[in-house]
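Please have the structure open while you read.

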Amino acid sequence: LEGNNTQRLDLFPTLSWQRPVHFGRFTAKAGVRETAYLVHGDPAEASRIPNDYNHRDAAMGSLRLDARLERLFMGDEGDSYYSLRHTIEPTVKYIVNGATDQSRLPLFDSRIRDFSTTNLFAENQYVGADRINVGQSVAYGITTRLMGRRAKGEMQSEWANISLGQRWAPEGEREFQNNLPFSDLVSSLDLHLSPTWSATGALRYDPYKGVLRTSGTTVALKNSRKDTIKLGYHIQRPDSGEMTKDALLRSEINLVSHWKWTQRADYSLEYDNLKSWESGLLYEHDCWSLKLRGGRKLRADTNKHGGAWGGFLLTFRGIGEYGLDG
């Protein structure tokens with residue numbers, strides 16, 4: 001409970017080779033990883049062996065094939081001109097990772113990713129440097145896009161994007177998919193209905209139990225001043241515990257030059273209460289910003305509020321968005 005003093009060295013040299021093919025692109029990667037720790041004054045949650053030198057050797061490799069099929073639609077109706085581009089983009093990726101025993105290593109900053117289409121093809125399903133998922137897996141998915149422009153001279157933009165995918169891991173560590181051969185099915189939807197209206201959605205479906213694990217939909221309105229209002233609906237069904245249903249509100253209003261008013265609120269539909277809300281003033285200028293904010297939120301283990309809070313966030317974007325909370 002006295003804390004620890006830890007030094008960590010992580011070396012990860014990787015070779016990448018990419019070759020275009022007539023229907024897409026082929027990519028191969030291979031690398032070795034050495035992670036070493038020197039821990040002193042080690043609490044129980046950091047490592048099982050106090051005051052010791054630990055290290056991990058790992059090798060990671062992947063093969064990825066991206067294909068792209070597309071069709072162009074063009075038209076001219078009177079004074080109006082339109083062009084549409086529709087693509088179908090299947091992807092398959094084979095990943096193999098090997099590592100020495102990781103159970104004796106400290107665990108400071110690693111956790112399993114929340115599985116979604118954004119990390120479907122990630123080579124390591126852990127964030128952070130302390131853990132690597134070991135074994136073989138094949139990730140496969142398909143994306144279809146609709147891109148177009150409504151007038152001559154207008155830049156082509158993406159109107160719709162739909163993705164669907166899954167992972168198959170026949171062996172090794174499969175915590176990220178409940179120790180089953182096949183992961184949940186994940187999908188996402190991104191619609192830009194107009195320069196003003198847009199919508200996003202994502203879901204995660206368990207094919208073994210036939211239940212929807214998570215689902216989220218957000219509709220956004222942005223005016224000519226770039227004021228934004230977002231309304232969302234979110235469902236989550238964890239392995240243990242009851243399903244939660246939340247309604248979400250996010251807004252960002254431009255006041256005067258460099259100043260914005262931001263607000264967010266989460267409302268529980270099953271308990272009919274406000275889970276949390278936050279409001280604040282944001283000042284942005286060049287490479288830095290300052291946000292003064294306050295709000296109220298639930299305690300971690302109850303549906304009753306734990307009280308109000310306030311603080312500030314100072315961010316320097318030029319040095320990796322290093323933030324200070326107070």
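1. Among the lining residues are Ile 95, Asn 97, Arg 167, Glu 171 and Phe 176. Strand E6 (80-99) and strand E9 (135-149) are the elements that give two or more residues to this lining, and the largest share, three residues, comes from E9.

2. A word on the basis: this is a predicted model, in which local features need pLDDT of at least 70 and side-chain atom pairs count only at pLDDT 80 or more, while totals for chains, interfaces and linings use all residues. Residues are numbered from 1 along each chain as its sequence is written, and side-chain values use heavy atoms, with hydrogens and water left out.

3. How many cavities of 30 Å³ or more does a search of the whole structure find? The search finds one, and about 50 Å³ of space lies in the largest cavity. Here a cavity is a set of points on a 1 Å grid over the protein atoms alone where a 1.4 Å probe fits but cannot get out, and lining residues have an atom within 4 Å of a point. Grid points are joined across faces, edges and corners, and the volume is the space filled by probe spheres set on the points.

4. Now follow strand E3 (residues 24-40). Seven bridges join E3 to strand E1 (residues 5-11), running antiparallel, with Asp 10 opposite Thr 35. Strand E2 (residues 14-21) is also antiparallel to E3, through eight bridges, and a hairpin of two residues joins E2 to E3. E3 and strand E4 (residues 53-67) are antiparallel too, joined by 15 bridges; there Glu 34 stands opposite Asp 57. Strands (E, at least two residues) are DSSP runs numbered from the N terminus, and two strands pair if DSSP finds at least two bridges between them.

5. Have a look at Ser 163 in strand E10 (residues 157-168). Ser 163 counts as buried because its relative accessible area is 12%, and buried means under 20% with a 1.4 Å probe, protein chains only. Contacts of Ser 163 (heavy atoms within 4.5 Å), leaving aside neighbours within four places in sequence, include Thr 117, Ile 142 and Val 186.

Key: 1 Å grid on protein atoms, 1.4 Å probe; cavity = no way out; pocket = protein on both sides within 12 Å on 5 of 7 lines; lining within 4 Å. Helix = DSSP H or I, 4+ residues; strand = E, 2+ residues; numbered from the N terminus. Buried < 20%, exposed > 50% of the residue type's maximum accessible area, 1.4 Å probe, protein only.
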